Amino acid sequence: MSDFIKITSTDIPEINGSFSSHEELYKFSIEKPEEFWGPIARARLRWDKEFTKVMDCNMEKGVFDWFIGGKLNASVQCVDRHCEVDPDRIALIWEQDEPGKEQRITFRQLKEMVCKIANVLKSEGVRKSDRVVMYISISPLAVASMLACARIGAVHSVIFAGFSAEALASRIMDAGASVVITSDQSIRGGRLIELKKTVDAAVAKCPSVRRVLVARRTGNPVPIIEGRDVWLEEAMEAQSVECIPESMDSEDSLFMLYTSGSTGKPKGLVHSTAGYLLYASFTHKQVFDIRDGDIFACVADIGWITGHSYVVYGPLVNGITTVLFESHPAYPDHGRYWEMVQRIRPTQFYGAPTAIRLLLGHDSSYVTKYDRSSLRTLGSVGEPINHEAWQWYHEVVGKGKCDVVDTWWQTETGGICISPRPSAPGAEIRSAMPMRPLFGIAPVILDDKGNVLEGRDVSGALCIRKSWPGIARTVYGDHSRYYDTYFKPYPGYYFTGDGSIRDLDGYYHITGRMDDVINVSGHRLGTAEVEDALDEHFSVAESAVVGYPHDIKGEGVYAYIVLKEGVIQEHKQIIAELRSIVRTKIAGHAVPEIMQICPSLPKTRSGKIMRRILRKIAADQIEELGDVTTLADPSIIEYIIKNHRHCITKNL
């Protein structure tokens, strides 16, 4: 369309009208969402039956319907329609653990894998709306299994393959899954990880599971339970390479992902089919300047939302080759990412600040000895990136020539919501901030009384005042929890749980979580979940867990422990046992790095733990404790501060 302004190298030709600036188009997307999203959805997704209404959304009630009356299938969007045009185009590049070991899968091959696995699932009695749990590391079979679920209308729930058997079991039971897909083992950084053994321990507690499909990754012997376990590849051999896709309603569930909250058990957030697919693919194309023939390298695991949106669904809906990265950023050395970039020639690289901070501490020759000229865009995801890491990423990795996009979004949002790109042509990018809301996203900053803070140079709770297609629809089996978590705190707004600053230039900075959630290496961790695990130890009377600044991980886990009266066990032994409990009940990334055993916790006279004070002490901000006169026993603060310094010195 000749009169449309070019927003990046990729425009939005579906939108009718003439816009004189990026800001004008953004305003249109907020004020007329039906006219904005409707044409994009019609053009970018293949519909079995076209929708009759774009949206019916209520921010007061937390109820959202998008593309009403439409029918489609997610696997068709990701595979079939690209097969029809160019079946030999590479869909997946599996970058295996050992450098130089890669596998390329065409769209034709991927479709055959998807259909065979879909037929296996059907033969096992899996039907539309059934939940299938996956506990598997990234691979072509893992991606094909996700799409196979989508093909038959089943809801996949991928569990990060680092969670313990107990954590896996709780998620399987909550989902009510009858089928689990796993592999014999996985490999990361040269280390074998016993996935099947973890699944066996979990499924022993899950009577709903009647079948475990096991893929071969290493081929090493693992226990196979007769009558329950089936080798996936062998089951696939007997199946057809064709499977008629189930036509799904726009609002039918596509997948659920478990995420930690500030209270209670992890919640299974549910994403819809049409809205999620459109938003993931739209943001993928806009933020990363996606062009035909690109190779997109997002190094996230598929057990997290980043892997869903920007390893699997976003790139594949857009018909772009996507990289599946199995290894570790420092294996076999700190040049692992960049050796891969030289060999595979990706055009975009999307990684986490934790990995960037890990790598910048080593000699730049690990980066500079490899050719990185294929890269146009570098992305950051999972947590706020600090200025030093951003500058190293931009100057050393990108040689000052690549856009660096610091992206803010959440499992709940389905896709990127704030990012420096897209923008007006040539617009500035500032370090370590996401800056600009995407089309259709209307952020607001509210004070603690729920008042909207207008203008610039303000800070408060980051909320969103308008619905967008990618928003999660509910918490599985508990819509009231969904409403109470995201819409009750600030009626009429989606509450992100994050704090934000809108600076003097109108750009957004993310200041971190406002609730009791810790972001460890980009993994969201509820403090209540860790406390529950610690409190199970027979010697523990109570505990309080907070986050503290960590040079590599962004945030670390700090636990304050109060022991029961009369405990004579050595503290070092108790701490070792507590770490083992957390690792067993949750995962390795949840284990507190610092534990302080103290006689009591700072509490108000009504018995409420003053976590604000504990956070300040953990962060070594002793001079910023604020008013402590409301404490029942202010003297405990002096003890905890002194003991904190001892814990740091002894590295407890």
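User: At what angle do helix 3 and helix 5 pack, and how far apart are their axes?

Analyst: In this predicted model, helix 3 (residues 74-85) and helix 5 (residues 140-152) pack at an angle of about 120 degrees, and their axes lie 7 Å apart.

User: Which residues make the contact of helix 3 with helix 5?

Analyst: Helix 3 contributes Ala-74, Ser-75, Val-76, Cys-78, Val-79 and Asp-80, while helix 5 contributes Leu-147, Ala-150 and Arg-151. By class, six of these residues are nonpolar, one is polar and two are charged.

User: What makes strand 5 and strand 20 edge strands of the sheet?

Analyst: The sheet is open, with seven strands in the order 5-4-17-16-18-19-20 and mixed pairing. Strand 5 (102-106) and strand 20 (403-406) each have a single partner strand, so one side of each lacks a neighbour in the sheet. From one strand to the next, the twist averages 20 degrees.

User: How do you know that strand 16 and strand 17 pair?

Analyst: Pairing requires at least two bridges. Strand 16 (residues 295-298) and strand 17 (residues 321-325) have two bridges, in the parallel sense, and therefore meet that criterion. Ile-295 stands opposite Thr-321 of strand 17.

User: Which strands does helix 5 touch?

Analyst: Helix 5 packs on the sheet and touches strand 4 (90-95), strand 5 and strand 17. The direction of helix 5 makes about 135 degrees with that of strand 4.

Key
Residues are numbered from 1 along each chain as its sequence is written. This is a predicted model: local features need pLDDT of at least 70, side-chain atom pairs count only at pLDDT 80 or more; totals for chains, interfaces and linings use all residues. Side-chain values use heavy atoms; hydrogens and water are left out. Axes are lines fitted to C-alpha atoms, for helices over the stretch in contact, and angles run from 0 to 180 degrees between N-to-C directions. Helices (H or I, at least four residues) and strands (E, at least two) are DSSP runs, numbered from the N terminus. Contact means heavy atoms within 4.5 Å. Ala, Val, Leu, Ile, Met, Phe, Trp, Tyr, Cys and Pro count as nonpolar, Asp, Glu, Lys and Arg as charged, and the others, Gly among them, as polar.
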